[in-house]
Amino acid sequence: MAIDTHFLTKLGIKKFNNGTMTGLKSFKSENYQPSVSPVDGHLIASVSTTSPREYKKVIKAAETAFQTWRMVPAPKRGEIVRQYGDALRANKEALGRLVSYEMGKSLQEGYGEVQEMIDICDFAVGLSRQLYGLTMHSERSHHRMYEQYHPLGIVGVISAFNFPVAVWSWNAMIALVCGDVVVWKPSEKTPLCGVACMNIFQDVLQKNELPEGIVSLVNGDYRVGELITHDPKVALVSATGSTRMGRIVGSVVAGRFGKSLLELGGNNAIIVTPEADLKVVVTGAVFGAVGTAGQRCTTTRRLIIHESIYDKVTKALVKAYKQIVIGNPLDAKNHMGPLIDIQAVDQYKKAIEAIKAQGGKMLVPGGELSGRKYASGCYVKPCIAEVENHFEIVQSETFAPILYVMSYKTLNEAIKMQNDVPQGLSSAIMTNNMREAEQFLSAAGSDCGIANVNIGTSGAEIGGAFGGEKETGGGRESGSDAWKVYMRRQTSTLNWGKDLPLAQGIKFNI
Ligand code: NAD
């Protein structure tokens with residue numbers, strides 16, 4: 001499987017296998033980490049990691065840059081983000097390929113991720129003129145009262161491997177128009193995506209003669225993440241990843257009274273009622289379960305199907321799974337690429353063992369794929385298992401293409417099953433019955449951050465606030481009013497009269 005890697009040079013990743021730059025171009029690094037592609041198992045490059053000493057320099061530069069950036073008018077900050085969006089358009093092909101090659105998702109999904117970055121840039125540009133506060137009537141005469149929003153300072157972004165570029169931009173573009181500066185630690189599994197995004201942003205800053213510390217990159221594993229979470233100079237930590245990581249990050253940041261925004265694991269279900277359109281169900285479920293090889297936080301993990309149509313739906317799914325072509329994700333003929341690494345394959349195999357041990361039955365068997373085409377050792381078969389919702393394995397998130405199916409009798413029971421997991425990210429109901437749809441969306445319906453009707457669980461538009469409840473962490477990022485998390489709110493009252501009326505009618509004889 002020979003892959004043309006010219007796109008790396010276009011993204012400024014030049015020093016092949018010999019170290020690449022971290023965010024601040026002036027840095028020489030002390031340590032390197034390998035970036036290995038799950039597509040063909042090749043070492044793409046060695047990437048410099050950030051030492052504690054270098055981290056301090058990055059933070060110093062970010063602090064200095066914040067002094068300038070916070071005083072740049074918000075619409076002018078938006079103009080920088082607009083230019084970044086244009087630079088992404090120019091680099092979409094190369095960056096999309098890198099996402100696909102380093103992470104293993106299909107090329108279409110790689111391009112899609114870059115498009116999401118472009119979309120959030122557009123959103124942030126508009127937002128830069130709409131960072132509204134409220135005004136309210138003061139109870140005192142000749143007084144004006146209002147609230148305004150100011151930037152927080154340094155925002156630390158810790159991101160997961162599965163959306164190696166989009167998640168950082170959801171955070172960074174909004175934070176930047178809000179006047180914050182951003183320090184990003186990408187996943188240690190996809191560091192080159194971070195380097196590429198940073199190279200493109202640094203070019204924009206340089207052209208505009210702005211300090212490079214406005215956005216910076218720190219590379220490395222959880223230990224570099226810990227430098228951010230323990231650092232009182234980082235006002236907000238936005239962390240995307242597993243619930244295990246979020247539990248640690250949330251408590252460390254809370255312990256120093258910092259702010260955190262947590263986007264953690266999901267366990268997403270689709271309820272299929274007898275009034276569903278079967279074609280929509282199969283398309284939504286297969287795309288949701290198999291897309292990105294089951295490695296999306298919003299991947300469809302559970303299908304809760306009414307008993308009267310259970311056999312029909314599962315048969316249609318088994319048939320659809322037979323058509324799935326697995327292979328090199330850079331080749332558009334393949335529907336599903338590899339898992340991120342061998343450890344992920346191991347987790348997948350252990351989960352299948354656990355399903356069987358806990359009483360589940362495989363409707364479509366799984367397994368690792370072998371042969372030249374799959375030489376990286378990261379390719380697996382998507383599978384379907386018949387289970388019960390309370391099984392321990394079903395209650396936890398396995399980041400792999402394993403779809404659980406189960407049946408229900410009443411909609412109340414189905415909603416209870418849908419909610420009866422520790423996570424609360426995405427959910428859906430497939431029905432053409434208005435009452436069923438409204439019950440699912442009501443306060444007594446889905447308890448998730450995302451609830452869809454006749455759309456699968458996976459993916460989300462950037463215009464809405466994205467995030468989930470319970471062990472998903474409660475954070476909201478991207479669209480709607482999620483920007484408020486990146487700013488501090490200040491209530492101000494201004495007296496333009498000649499007297500100073502005191503509270504509770506207190507008077508001094510002055
Ligand atoms: P992970 O938790 O292993 O790592 C995520 C990031 O956290 C990495 O950058 C890692 O280095 C860092 N990290 C880990 N431990 C840390 C610590 N103690 N302190 C500071 N940083 C630490 O997750 P992953 O395997 O990269 O990604 C998969 C997980 O991410 C899944 O659970 C998935 O559901 C979740 N995810 C959630 C969302 C969402 O928006 N809810 C989006 C994408 C992925």
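The model is predicted, so local features need pLDDT of at least 70 and side-chain atom pairs count only at pLDDT 80 or more, while totals for chains, interfaces and linings use all residues. Residues are numbered from 1 along each chain as its sequence is written, and side-chain values use heavy atoms, with hydrogens and water left out.

**Stop 1: the domains**

Colour domain 1 (52–264 + 473–489) and domain 2 (268–466) separately; such bounds come from an automatic or database domain assignment. Their C-alpha centres lie 30 Å apart. At the boundary, 27 residues of domain 1 are in contact with 19 residues of domain 2, where contact means heavy atoms within 4.5 Å.

**Stop 2: the nonpolar core**

Next, select Tyr84, Leu95, Leu98, Trp168 and Met173, which touch the most other members of the largest nonpolar core, a set of 158 residues. A nonpolar core consists of buried Ala, Val, Leu, Ile, Met, Phe, Trp, Tyr and Cys residues joined through side-chain atoms within 4.5 Å; buried means under 20% relative accessible area with a 1.4 Å probe, protein chains only. Helix 3 (residues 74–103) contributes the most to this core, with 11 residues. Helices are DSSP runs of H or I with at least four residues, strands are runs of E with at least two, and both are numbered from the N terminus. Then centre on leucine 98: residues up to four places away in sequence aside, its partners include Phe7, Leu11, Met103 and Leu192.

**Stop 3: the ligand**

Oxygen atoms of the ligand lie 2.5 Å from a polar side-chain atom of serine 242, 2.7 Å from one of glutamate 188 and 2.9 Å from an N or O atom in the side chain of lysine 185. The protein buries 93% of the 850 Å² that the ligand exposes when taken alone.

**Stop 4: serine 427**

Finally, select serine 427 in strand 16 (residues 426–430). Serine 427 counts as buried because its relative accessibility is 0%. Its side chain forms a polar contact of 2.8 Å with the side chain of serine 446; a polar contact is a pair of N or O atoms within 3.5 Å, and within protein one must be able to donate a hydrogen and the other to accept it, with residues adjacent in sequence counting only if both atoms are side-chain atoms. The side chain of serine 427 also reaches the backbone oxygen of isoleucine 450 at 2.8 Å.

Key: Buried < 20%, exposed > 50% of the residue type's maximum accessible area, 1.4 Å probe, protein only. Areas by Shrake-Rupley, 256 points an atom, 1.4 Å probe, with all protein chains shown as cover.
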